[in-house]
Structure formats: structure tokens, C-alpha cells
Amino acid sequence: MITVLVTVVVVSLLGTALSGRENAARLMSGLEAESQVLTSVFGDTLSDPLWDYDYNMVQQRLEHLVDTRAIVGARVFDSRGNKLAEVLTDRFDPEATADYLVFDHSIIAESGEWVGTLFLWVSTAGVSAEVWSAIRYDAATAGILAVITAIVVFAGVNLISGPLSRVADAMIRIGEGALETEVPERGRDGEVSRMADALEQLRLKSLRVEQAERDLRRANAHLEQRVSERTVELETAREQAVEANRAKTEFLANMSHDLRTPLNAILGFSEIMRAGAFGPLGDPRYEEYVEDIHHSGSLLISLINDLLDISKVEAGKYELTEEVVDIRALIHNALRQIATAVEGAALTVATHVPADMPALRGDGRVLTQILNNLLSNSVKFTPRGGHIDVSAWTDHQGQLHIRVADNGIGMTREGVTKALRPFEQAHNARAREHNGTGLGLHLCDNFMKLFGGSLEIKSEEGGGTTVTVAFPAERAIEKRRSA
């Protein structure tokens, strides 16, 4: 009898261990798969708010997301590794590694640009609890089976096979899933009755477990429905955002076109009056007024041109006019255009361009606009008597670089980030002394992406600013050497 009891206990414990391991692996695999899908789907819905710098919307969506039972934390970082939004539940410590799974998803904007990363922490406590519950249940079942086996052997030895057989039949039916089976021989004295009582307890526990499984399936189905509904809502919101952005782009383009026509007339007539084409204006104050009109009109037409360019770039409709551009001539012409401003501010300018500098395949107008923006910023934000350095070179990979450096007032790291955003300026107090729209660097950065290149800003407050634009090697055109 002892041998039989020991054998049943060992076999049952082995079965319990194997069953618990398989159950844990199945539940963990399911949790990982569902969480990975949720991370990917939810991460994609954050691309538009991140692209539009709408961090409040990102925060709100994270707060809605952590309502899901298993998710205990979420963070969003931008492409530079700066934390933009975070939601953590009270029970979650992001420094702890136990009982949590971490999922990440790179957030790609519609333009193909990487704009950030989403991290989700998913608790495995529910899986662990369910697995341990199953193990305890199986262990309890093993113990009860061992007890029942001992009773059966003992009853058989004592010639009580009749009642024992009825209890055994009930046990078999219960084991096959017929939990409504009535257990006989209960409430009496003797081993068979105690075995029947134990079987009844097992049956009742099994009923509770079955009910719990049904509740779990219903909860999972409800969670899946909520995720599906939330996904539809987020997709709808994304489509609405895309439509709103398209409408904004069309509005800017139409508005800019309507404003440009009268502005061109204002600039043309003010230019005629400045030149005195039909005789002097008379009072000297009129000449000042004409200068102010022409200057303000020029600034406004520049803003409109920038708006048109940025609306085309954001809409993906800007087309580059490819041509061969001489870098030395490009820099020379740009410096000539700012010569008056440089002289007025008593600045010194140095250029470093190799004689054998390759030409560049690109849009000459856009390249001129980029270089003029960078030089104008250096002139604006470099104190009187300062220095500006313009250089160009190719690296060992064949990439072509143009750099504009100054020893001006510089920017903080936050200022650099602001300067690259549209309609924002890093130096609010200083910027008010100069006319500007806050579109220059943002437009330059987007133009460089059209070229397949990059724009890098290195700056220190009070220590000057260095802006480097890099073009891919395939845009460099080696000059032919004369025989």
C-alpha cells in the first residue's frame, strides 16, 4: 500500500511540474504576442502627434492606454532620447526587472522619419498567479488522488469493493469533465465515505475552477473587443489628423498665393518711387516711408515664399530642379548678398574651400536659400566685431559638407530644438531686434532631407554656433582635370 501511494504521489508531482511549465510557457507566449501587437499598433498612432509636437495628446493617449489591466507603465522618447510623455501605475517601479516585460516600438512619421520610441511595461503577475493557481490545483489534485488511491487499496483489501466501485465510477466521470455527477457514499463512517467526501470537495473545486476559466475567457474576449474598438478609434483619429494637415497645407498655399499678387504690386511701385522714376517725392519723410514700405513688403514676401515652400515640403509636393552647382561660386554669391550687412556690423568673414572642390548635383535655388539662411542667422546673432567662418570639404566617404560657424551668442540645447521647429526662435529677446519668421532653420532641415542629406547644429550659449549640412556622396561631381 505504501509503495502504491509513493508511486502515485511521485507520478502526480512530475505531471504537475510538467503541466505547470507548459501552462506557464503558453500563457507567457500569449501575453508577449498580444503585448507586441498592442505596442506596434498603439505606437503607430502616436506618429502624427509627435510629428506635430502635440505632447499633450501623446500624454492623454498614454493615460488611456494604461487603463488596460496588464499594462503598468508607458513612456515615449523623441529621436534624441528625450522623454516626452510618461504614465506609471502606483504599483509599478520602472527600475525593477522582475514580473515585468518591456516592449519597444520605433515610431515612424508618415514622411518616413523616425520621430520617437514607445516603451511599454506589461506585468506578468497575472500570468504567474494563474500558473501558481494551476500548480496548486494540480498539486492538490495529486494529493487527493494519492489519498483516494490509498483508500481504494485499503478498501479492496477489506472487501468493500462495491461502494468503492461506485465512488470510483463517479471519480472517473468527474475526471472526464462531468462535474455535475453526484458523489455516492458520502456522510457515512469509514474510509470509502471519507474518500467520497474528498472527491466531492475535488468536484466542487473543479466547478469553481471551470467557472473561473469561463470568467477569464469572457474577460479576455472583452479585452480583445476593447482593444479592437480602441484601434478603430485611433485609426479614425489618425485619418482625421491626416485630413486636417492636408487642409492646412492647402489653406497656406491658397492664402500665400492670394497675398503674393498684391505684395508684388506694392514692391514694384515702392521700387519705382525709391528710384524716382517719375521725379522726386518731395518731403524727405516720404522717402523714409517708401523705404519702410519696401522693406516690410520684402519681409512679408519672404515669409510667404517660406510658407509656400514649407507647405509643399510637408505635403510631399516639392520637386527639386536638379543641376550642377559650383560650390565655390555658390558661397561667393551668398557672401556677396550679405556683404552690406557684414560691413555694417563690422564682422570679419573667412572662407576655406579647396580649389579642387567637387561640384554638387542639386537645386541651385534651394541651395542658395539654405546658405543665405545660415549666413543671415550668423550675421544677426553675432555681436559687432565678431567673426564668421565658411568652409566646405569632402570626407573619406565622399560626402560633401558645407559649414557656417560664428562666435556669436550661441544657443542652449533647448534653444537648438526650438530653432528647428517652425515659427519658433531660440533667442526670443534677441530675435525681436531682428525681423524673422522662425521658419529658416526648419525649412533648411526639410530641404536637406529632400537632398537625402542632413543638417547638424552644434552650439553653446555664449560660445557661438556651428551649422553643418552634409550631402550624400552620390551628389558630388568630381571636376575634370584639364590636360
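User: Hi! What kind of model is this, and how are residues numbered?
Analyst: Hello! It is a predicted model, where local features need pLDDT of at least 70, side-chain atom pairs count only at pLDDT 80 or more, and totals for chains, interfaces and linings use all residues. Residues are numbered from 1 along each chain as its sequence is written, and side-chain values use heavy atoms, with hydrogens and water left out.

User: Great. How many salt bridges does a search of the whole structure find?
Analyst: It finds nine, a salt bridge being a side-chain nitrogen of Lys or Arg within 4 Å of a carboxyl oxygen of Asp or Glu.

User: Which residue forms a salt bridge with Arg-475?
Analyst: Glu-322 does, with the closest N and O atoms 3.0 Å apart. Arg-475 lies in the loop between E11 and strand E12 (476-477) and Glu-322 in the loop between H7 and E5, so the pair ties together parts that are 153 residues apart in sequence. Helices (H or I, at least four residues) and strands (E, at least two) are DSSP runs, numbered from the N terminus.

User: Is Arg-475 buried or exposed?
Analyst: Arg-475 is buried, at 8% relative accessibility. Buried means under 20% relative accessible area, exposed over 50%, and partly exposed in between (1.4 Å probe, protein chains only). Glu-322 is partly exposed at 38%. Arg-361 also forms a salt bridge with Glu-322, at 3.8 Å between the closest N and O atoms.

User: Switching to rings: how many aromatic pairs are there?
Analyst: There are four. Rings of Phe, Tyr and Trp (its six-membered ring) pair if their centres lie within 6.5 Å; planes under 30 degrees apart count as stacked, over 60 as edge-to-face and the rest as tilted. Tyr-53 and Tyr-55 form an edge-to-face pair, 6.4 Å centre to centre with 90 degrees between the planes.

User: Which charged residue lies over the face of Tyr-53?
Analyst: Arg-421, at 5.4 Å from the ring centre. The criterion is NZ of Lys or CZ of Arg within 6 Å of the ring centre and within 35 degrees of the ring normal.

User: Last topic: what lines the second largest cavity?
Analyst: Leu-330, Leu-367, Ile-370, Leu-371, Ile-402, Val-469 and Phe-471 do. Here a cavity is a set of points on a 1 Å grid over the protein atoms alone where a 1.4 Å probe fits but cannot get out, and lining residues have an atom within 4 Å of a point. H10 gives the most to this lining, with three residues.

Conventions:
1 Å grid on protein atoms, 1.4 Å probe; cavity = no way out; pocket = protein on both sides within 12 Å on 5 of 7 lines; lining within 4 Å.
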